[in-house]
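Student: I would like to learn how to read aromatic pairs in a structure. Where do we begin?

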Amino acid sequence: MTYFSLADQVDSYQFDQDAMILPCKYQGTIQRAGRLYHWEIFAGGAGYLYDDQINERFLCRKKCLKALPNIQGP
């Protein structure tokens, strides 16, 4: 998925400081390295990738806005 290849993975502190969580979101599943993950991407550009053991946070920066024009980032 394009979002996760372009977005920056961040720690929980940076995510809490910078993420804009708006009510509109996309969600689904993705297979990565042979494992199935759930994902959510919010209209503000914040995203989650998770399963039972992994919970990764991502923020979409300017490079994502060109690839994903319907996401409005900070």
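**Aromatic pairs**

Tutor: Start with burial: F4 is buried, at a relative accessible area of 13%. Keep in mind that this is a predicted model.

Student: Is F58 buried or exposed?

Tutor: F58 is buried, with a relative accessible area of 4%.

Student: How many aromatic pairs are there?

Tutor: Two rings pair if their centres lie within 6.5 Å. By this rule there are four aromatic pairs. One of them joins F4 and F58: the centres are 4.9 Å apart and the planes stand at 80°, so the pair is edge-to-face, the angle being over 60.

Student: Which parts does the pair of F4 and F58 tie together?

Tutor: F4 belongs to helix α1 (residues 2–6) and F58 to strand β5 (residues 55–59), so their contact ties together parts that lie 54 residues apart in sequence. Ring pairs also link Y3 with F4 and F58 in a cluster.

Student: What kind of aromatic pair do F15 and Y48 form?

Tutor: A tilted one, with 5.1 Å centre to centre and 55° between the planes. F15 sits in helix α2 (residues 12–18) and Y48 in strand β4 (residues 46–50), so this pair ties together parts 33 residues apart in sequence. F15 is buried, with a relative accessible area of 3%.

Student: Which residue lies over the face of Y37?

Tutor: For a charge over a ring, the distance to the ring centre has to be within 6 Å. R32 lies over the face of Y37, 5.7 Å from the ring centre.

Conventions: Residues are numbered from 1 along each chain as its sequence is written. This is a predicted model: local features need pLDDT of at least 70, side-chain atom pairs count only at pLDDT 80 or more; totals for chains, interfaces and linings use all residues. Side-chain values use heavy atoms; hydrogens and water are left out. Rings of Phe, Tyr and Trp (its six-membered ring) pair if their centres lie within 6.5 Å; planes under 30 degrees apart count as stacked, over 60 as edge-to-face and the rest as tilted. Helices (H or I, at least four residues) and strands (E, at least two) are DSSP runs, numbered from the N terminus. Buried means under 20% relative accessible area, exposed over 50%, partly exposed in between (1.4 Å probe, protein chains only). A charge sits over a ring if NZ of Lys or CZ of Arg is within 6 Å of the ring centre and within 35 degrees of the ring normal.
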